Amino acid sequence: MNMTQLKVFLLRTNSWQKVLFGLPILVMVVMLLMDHSGDSVELGQAVYRPEMRQRLCKADQLSGDAGETYGEETENGIKYNVRTPANYDASVAHPLLLVFSPAGSNRAKTEKTTGFTFPATQAGFIVAYADHPELSPSTTVELGTIPSLMAKKWCIDEKQVYVTGHSDGGTSAMALAFMTGTRHIPRAIAPSAAGVAYDDLRDRKCPEPLPVMIMHSSKDRLFPGYGQQAVGWWAACNKCDPIPDKIANGCSSYSGCAGGVKTLYCEGDQIHSHWPERSQDIVEFFVSATQVSPRAK
């Protein structure tokens, strides 16, 4: 190898070293951009109701920032983003809205699709958007650890955890409420397009009466009729009257439920993958559930 060839070799080697050392940095930058993808986040100004101040935290012992936080993760690496009210008071225990992603989506896309951040933070919730893990009982349990993890950094009322999600996210939201080891976590659920039918529920032991808002489409070809089957099981568990009534927002509401819990079924007419665009209704449903006496833990 002559001198010219040696110089070319060293230049090429140096270039490959730059690529190899620079690749992890590039991956981190791409992941950061993906995490912050979508429109800018608009946070609501919460009105702190007197009842919210009945449970307080020691603000100086909490490290969670007000506003937008990206890239929190569970023990096994499920990532989630956190949103607080713009005027977050770290001494006040906030209700938590936990949002699970459908297959093929992630926390950033789910935030943009559902549009919960502004109405939920305005209503006084802290919101967490979780990535979609491979669907299984173990990952549902893992998702269920998010409230306790968040309570170490933000002022969260762990008796006020409200869970929603679409498709696989809806399945996890519902499963969290009926699985033996996690049923104590949600105060109310609002699953959308969940892959849970009556056959999946009939041998399950009913949890304590729980506010439930089930959304499903009449044109869902992936899980046809699952919503109606699931709400029938929940209505029976909640000891509601068997025949629901139509209400103003187009949903059906069961009356006479134990403990005054609401049991709603809202049917849409879009394809399975379409978010039902009832985010404001869901927030209002969860706000109404904060007025129901908490279940025994």
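1. Ile-214 has Tyr-265 in β10 as its bridge partner. Strand β7 (residues 212-217) and strand β10 (residues 263-268) pair in the parallel sense, and the pairing runs over 6 bridges. This is a predicted model, and the points below should be read with that in mind.

2. An open sheet is formed by 10 strands, in the order β1-β2-β4-β3-β5-β6-β7-β10-β9-β8. The pairing within this sheet is mixed. At the edges stand β1 (68-73) and β8 (245-246); each has a single partner strand, so one side of each is left without a neighbour in the sheet.

3. Strand β5 deserves a separate look. Of the 11 residues of β5 (residues 156-166), 9 are buried, so the strand is largely enclosed by the rest of the structure. Buried here means a relative accessible area under 20%.

4. What are the neighbours of β5? On the one hand, strand β3 (residues 94-100) pairs with β5 in the parallel sense over 6 bridges. Within that pairing, His-94 stands opposite Ile-156 in β5. On the other hand, β5 pairs with strand β6 (residues 188-192), also in the parallel sense, over 5 bridges. Here Gly-165 has Pro-191 in β6 as its bridge partner. To get from β5 to β6 the chain passes through helix α6 (residues 168-178), and this β-α-β crossover is right-handed.

5. Arg-107 pairs with Asp-131, and the closest N and O atoms are 2.5 Å apart. This pair links distant parts of the chain, since Arg-107 is in helix α2 and Asp-131 in the loop between β4 and α4 (137-143), 24 residues apart. Are the two partners buried or exposed? Asp-131 is buried, with a relative accessible area of 17%. Arg-107 is buried as well, at 9%.

6. A second salt bridge joins Arg-53 and Asp-89, with 3.5 Å between the closest N and O atoms. Arg-53 lies in the loop between α1 (3-35) and β1, and Asp-89 in the loop between β2 and β3, so the pair ties together parts that are 36 residues apart in sequence. Both residues are described as partly exposed: Arg-53 has a relative accessible area of 39%, and Asp-89 has one of 21%.

7. Asp-199 and Arg-202 give another example, their side chains meeting in a salt bridge at 3.6 Å, N to O. At 54% relative accessibility, Asp-199 counts as exposed, because the cut-off for that class is over 50%. In total, the count comes to 9 salt bridges. As background, side chains of opposite charge can pair when their charged atoms come close.

8. The last point concerns helix α9 (residues 279-289). Which of its residues are buried? They are Ser-279, Ile-282, Val-283, Phe-285, Phe-286 and Ala-289. These residues cover an arc of only 160 degrees around the axis, which puts them on the same side of α9.

Key: Residues numbered from 1 in each chain as written. Predicted model: local features only at pLDDT ≥ 70, side-chain atom pairs only at ≥ 80, totals over all residues. Heavy atoms only, no water. Buried < 20%, exposed > 50% of the residue type's maximum accessible area, 1.4 Å probe, protein only. Helix = DSSP H or I, 4+ residues; strand = E, 2+ residues; numbered from the N terminus. Pairing = 2+ DSSP bridges. Right-handed = clockwise from strand over helix to strand, strands pointing away. Salt bridge = Lys/Arg side-chain N within 4 Å of Asp/Glu carboxyl O. Arc of directions from axis to C-beta.
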